[in-house]
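Visitor: I would like a close look at a single part of this structure, taken slowly and with its surroundings.

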Amino acid sequence: MAFEIPQDLHPDLMPLAWLLGRWEGRGHGDYPTIEKFEFGQQVDFSHNGKPYLHYVSQTYVVGEDGTKQRPLAVETGFWRPKPDNKLEVVLAHPTGFAEIWYGEIEGAKVEMRTDVIARTATAKEVAAGHRLYGLVKGELLWAYDMAAEGQPLQPHLWATLVRV
């Protein structure tokens, strides 16, 4: 799908312009405390002319025919590019935790790590995270490593999405 940079895009967002739009696809999950699983995903990166992207990710169980069966996880937040290809990201989850991530933008690749994770008394214990996003042959590939529930940092989720 052809992509055009919006004319009203804030100049600070140019390093992240390749993320704009809606992305959909399939992913996989694994972790020592859960069964392996597959999921569908929709990710939206939007802007309003200010120097940040609004990000929303929604995952869902997919039926054998590929249809959405039921929701899984949701996260939302803001991606804020800074000078020298630095990136600050603030994410919130309805399961009771919020994260601050710091990373770097390197062409069509973003790599970031958690700095702070705050959680409510009823949220699961998430201690650290590492994420990688990249545009490869027109597809958005991403991976998330997580340290949680007493487990060390290790692969947890990964997916391949296409712009729709």
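Is arginine 26 buried, partly exposed or exposed, and what is its relative accessible area? Please go on from there to the strands around it.

Guide: In this predicted model, arginine 26 is partly exposed, with a relative accessible area of 41%, a value that falls between the limits of under 20% for buried and over 50% for exposed. Arginine 26 forms a salt bridge with glutamate 38, and the closest N and O atoms of the two are 3.9 Å apart. Because arginine 26 belongs to strand β1 (residues 21–31) and glutamate 38 to strand β2, the pair ties together parts that are 12 residues apart in sequence. A search of the whole structure gives six salt bridges, including one between lysine 86 and glutamate 104, whose closest N and O atoms are 3.0 Å apart.

Strand β2 (residues 34–46) runs antiparallel to β3 and is joined to β3 by seven bridges, with glutamine 42 standing opposite glutamine 58 in β3. The two strands form a hairpin with six residues between them, and in the turn glycine 49 has a positive phi of about 95°. On to the next pairing: nine bridges join β3 to strand β4 (residues 68–82), again in an antiparallel arrangement, and here histidine 54 stands opposite phenylalanine 78 in β4. This second hairpin has five residues between its strands, with glycine 66 in the turn at a positive phi of about 90°. Strand β3 itself (residues 53–62) is largely enclosed by the rest of the structure, because seven of its 10 residues are buried.

Methods. Residues are numbered from 1 along each chain as its sequence is written. This is a predicted model: local features need pLDDT of at least 70, side-chain atom pairs count only at pLDDT 80 or more; totals for chains, interfaces and linings use all residues. Side-chain values use heavy atoms; hydrogens and water are left out. Buried means under 20% relative accessible area, exposed over 50%, partly exposed in between (1.4 Å probe, protein chains only). Helices (H or I, at least four residues) and strands (E, at least two) are DSSP runs, numbered from the N terminus. Two strands pair if DSSP finds at least two bridges between them. A salt bridge is a side-chain nitrogen of Lys or Arg within 4 Å of a carboxyl oxygen of Asp or Glu.
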